Amino acid sequence: LAIEARLLQKLRHTPLFIAREMCKYPETRKYVGELLPKIITRADMLTDFLALYWEEGKRPIAAQAKKGLAKAFDNFNEYQLAKYDRDSAIKLRDVLFLTHAKPAEGKEELYSKIANRTLKTPDTWEVALSTGKDKKATWERLIQQNKIGGLAMLRNIRNMMSANVDKSIIQSGLLNLKATMLLPLDFLKTARINPEFDRHIEDAMIRSYESLPKLPGKTLFIVDISSSMARLTSSGSEFSILDQACAMAMLAINQCEDYELVATAGSDSARKGMHEHIKYPKKGFDVFKQIVGTRARIGGGGIFTKQCLDWCYENVGKEFDRIIIFSDSQDVDNHYGNKVIPNPYGKNNYIVDVSSHSKGINYKGVWTAEISGWSEHFLTFISAYEGLENMFNE
């Protein structure tokens, strides 16, 4: 689970938390020494783990945790270690000393530099720009030398434009984007801030996920655009639940052999759903505009799941290999004492709850599967469930 959380779900602190909890129990503690080097993929995670370990108060470090942390040092070269050798409460040298890490042959000098904090200053964009060097020349050099990480590339396009970086160089940076740990919403945010490069950002996103499973046959996508979907996912988020639903639909559309797209909402007061069949759906970021653009015509009330499926059966198509609904599961058909159970009619039927609610609506076997979350891995789940070949590897 910890490996899945880090390498596939791209979470940073959750896998470290799992490893910390494993240290508390004899039956799981014995695996921590082998686990930590697999999930510590950034040098600052060495100090992050120790900070998390002592979050509830300082205590002796479990032998297996020491073993794993010591071994994890071998994951990194001098550049990677220097990048995260910060003046924080817990430093890399602290982890080195506390774990009694022994250098492998040929790494004695590196370990000495960690201990003495004499690691060579890394050639990162943060360091280069902080020294007052010409910003345009610095950005162009780092992009051409492929020294900017994926997230840094996306987040700094506006800064590059302000420094008059050549357009073709920014485009080449997006073409060579390191996207292993990026999420669809990272690309969406960047495209909204930098519409001048939205096509190149879209292309970079599609390349990043081109090996996601392909879904054969015919798929019906239904996107809930009700008013509850307009809420932000959290107080600190820039994205709505609908943004997440559209991002997932966009990825899924790109992987489908044949598909239909429906937006749904309605009127809560009239207890009536309204739906629109988007007959010629676009791909990429343009499909966002098509989905959101239906709101003016079909209202902003809640999703009426049964009514929507019945309408799709009569107006969109009667035979689908799978039906996938993106919603926050706040089903009006199931509120106000109605308890109306939907009747999905695909060979496989999925409802993807993209909200952060702790509980959605469980219809006890109505759906093939109810999937929570907004990771692109909902596609790998569906492909695995249907026995399809899955070529998506990080």
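Trainee: Which residues do ring pairs link into a cluster?

Mentor: Phe221, Tyr259, Phe326 and Phe378. Bear in mind that this is a predicted model.

Trainee: What makes Phe326 and Phe378 a pair, and why is the pair called edge-to-face?

Mentor: A pair of aromatic rings is described by the distance of the centres and the angle of the planes. Rings pair if their centres lie within 6.5 Å, and planes over 60 degrees apart count as edge-to-face. The centres of phenylalanine 326 and phenylalanine 378 are 5.6 Å apart and their planes stand at 90°, so this pair is edge-to-face. By this rule the count comes to ten aromatic pairs.

Trainee: Which parts of the chain does the pair tie together?

Mentor: Phenylalanine 326 is in strand S4 and phenylalanine 378 is in helix H21 (residues 378-385), so the pair ties together parts that are 52 residues apart in sequence.

Trainee: How do you know whether phenylalanine 326 is buried or exposed?

Mentor: Buried means under 20% relative accessible area. Phenylalanine 326 has 0%, so the residue is buried. Phenylalanine 378 has 3%, so that residue is buried too.

Trainee: What does phenylalanine 326 touch?

Mentor: Leaving out residues up to four places away in sequence, Phe326 touches Phe221, Ile222, Val223, Asp224, Met229, Ala245, Met248, Ala249, Val352 and Phe378.

Trainee: Which residues of the largest nonpolar core touch the most other members?

Mentor: That core has 66 residues, and the ones in question are Phe187, Phe221, Val223, Phe285, Phe326 and Phe378. Helix H17 (residues 241-254) supplies the largest share of this core, eleven residues. Another core, of 40 residues, lies apart from it and includes Met45, Leu50, Leu52 and Leu96.

Trainee: Where is aspartate 328, and why is this residue called buried?

Mentor: Aspartate 328 is in the loop between strand S4 (322-327) and strand S5 (348-353). Its relative accessible area is 0%, so by the cut-off of under 20% aspartate 328 is buried.

Trainee: What makes the link between aspartate 328 and serine 228 a polar contact?

Mentor: The limit for the pair of N or O atoms is 3.5 Å. The side chains of aspartate 328 and serine 228 are joined at 2.5 Å, within that limit.

Trainee: Why does glutamate 276 count as buried?

Mentor: Its relative accessibility is 19%, and the cut-off is under 20%, so glutamate 276 counts as buried. Glutamate 276 is placed in strand S3 (residues 272-278). Neighbours within four places in sequence aside, glutamate 276 is in contact with Leu261, Val262, Ala263, Thr294, Arg297, Ile298 and Trp311.

Trainee: Why is lysine 318 called partly exposed?

Mentor: Buried is under 20% and exposed is over 50%, with partly exposed in between. Lysine 318 has 44%, so the residue is partly exposed. Lysine 318 lies in the loop between helix H20 (305-315) and S4. Among residues beyond four places away in sequence, lysine 318 touches Tyr313 and Tyr345.

Trainee: What makes alanine 89 exposed?

Mentor: Alanine 89 has a relative accessible area of 77%, which is over 50%, so the residue is exposed. Alanine 89 lies in the loop between helix H7 (78-83) and helix H8 (92-99). The C-alpha atoms of alanine 89 and alanine 51 are separated by 8.6 Å, with the two residues 38 apart along the chain.

Trainee: How do you know that the charged end of arginine 59 sits over a ring?

Mentor: The distance part of the rule asks for CZ of Arg within 6 Å of the ring centre. The charged end of arginine 59 is 3.8 Å from the centre of the ring of tyrosine 53, and sits over that ring. Likewise, the charged end of lysine 58 sits over the ring of tryptophan 54, 4.6 Å from its centre.

Trainee: What caps the N-terminal end of H11?

Mentor: Aspartate 134 does, with a side-chain oxygen 3.3 Å from the backbone nitrogen of lysine 136. In helix H11 (residues 135-144), the buried residues are Thr138, Trp139, Glu140, Leu142 and Ile143. These pack against helix H10 (125-130), helix H12 (150-155), helix H13 (157-162) and helix H14 (167-175). Just after H11, asparagine 146 has a positive phi of about 55°.

Terms used: Residues are numbered from 1 along each chain as its sequence is written. This is a predicted model: local features need pLDDT of at least 70, side-chain atom pairs count only at pLDDT 80 or more; totals for chains, interfaces and linings use all residues. Side-chain values use heavy atoms; hydrogens and water are left out. A nonpolar core is a set of buried Ala, Val, Leu, Ile, Met, Phe, Trp, Tyr and Cys residues joined through side-chain atoms within 4.5 Å. Buried means under 20% relative accessible area, exposed over 50%, partly exposed in between (1.4 Å probe, protein chains only). Helices (H or I, at least four residues) and strands (E, at least two) are DSSP runs, numbered from the N terminus. Contact means heavy atoms within 4.5 Å. A polar contact is a pair of N or O atoms within 3.5 Å; within protein, one must be able to donate a hydrogen and the other to accept it, and residues adjacent in sequence count only if both atoms are side-chain atoms. Rings of Phe, Tyr and Trp (its six-membered ring) pair if their centres lie within 6.5 Å; planes under 30 degrees apart count as stacked, over 60 as edge-to-face and the rest as tilted. A charge sits over a ring if NZ of Lys or CZ of Arg is within 6 Å of the ring centre and within 35 degrees of the ring normal.
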